[in-house]
Amino acid sequence: SRQRFAAIVLFSLFKNGASVCAFTCVFLLTNNSVPMRRRGAVNGFSMTIASLGKAAAPAVAGNLFACT
């Protein structure tokens with residue numbers, strides 16, 4: 001069972017690293033596609049959407065898990 005634990009830890013590290021890279025890449029692409037005068041508004045809107053997603057994800061995932 002030590003192997004299972006090690007595999008879970010490694011997968012978790014990979015998943016979290018990929019998540020950070022993806023989040024950063026999305027914001028870089030967003031900043032490169034928006035004119036300079038609109039960047040503040042677009043970054044604020046995108047951070048709001050990301051925060052709402054992070055807030056709602058546990059409730060949605062919990063309900064999906066409970067339904068199965």
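These legends accompany close-up views of a predicted model of one protein chain. Residues are numbered from 1 along the chain as its sequence is written, and side-chain values use heavy atoms, with hydrogens and water left out. Local features need pLDDT of at least 70 and side-chain atom pairs count only at pLDDT 80 or more, whereas totals for chains, interfaces and linings use all residues.

**View 1. The protein chain as a whole.** The protein chain holds two helices and zero strands, where helices (H or I, at least four residues) and strands (E, at least two) are DSSP runs numbered from the N terminus. Its radius of gyration, taken over C-alpha atoms, is 17 Å, well over the 11 Å that the globule rule (2.2 Å times the number of residues to the power 0.38) gives for 68 residues, so the chain is more spread out than a compact globule. The C-alpha trace spans about 55 × 30 × 15 Å along its principal axes.

View 2. N31 belongs to helix α1 (residues 2–33) and, at 22% relative accessibility, counts as partly exposed (between buried, under 20% relative accessible area, and exposed, over 50%, with a 1.4 Å probe and protein chains only). Leaving aside neighbours within four places in sequence, N31 is in contact (heavy atoms within 4.5 Å) with R39 and N43.
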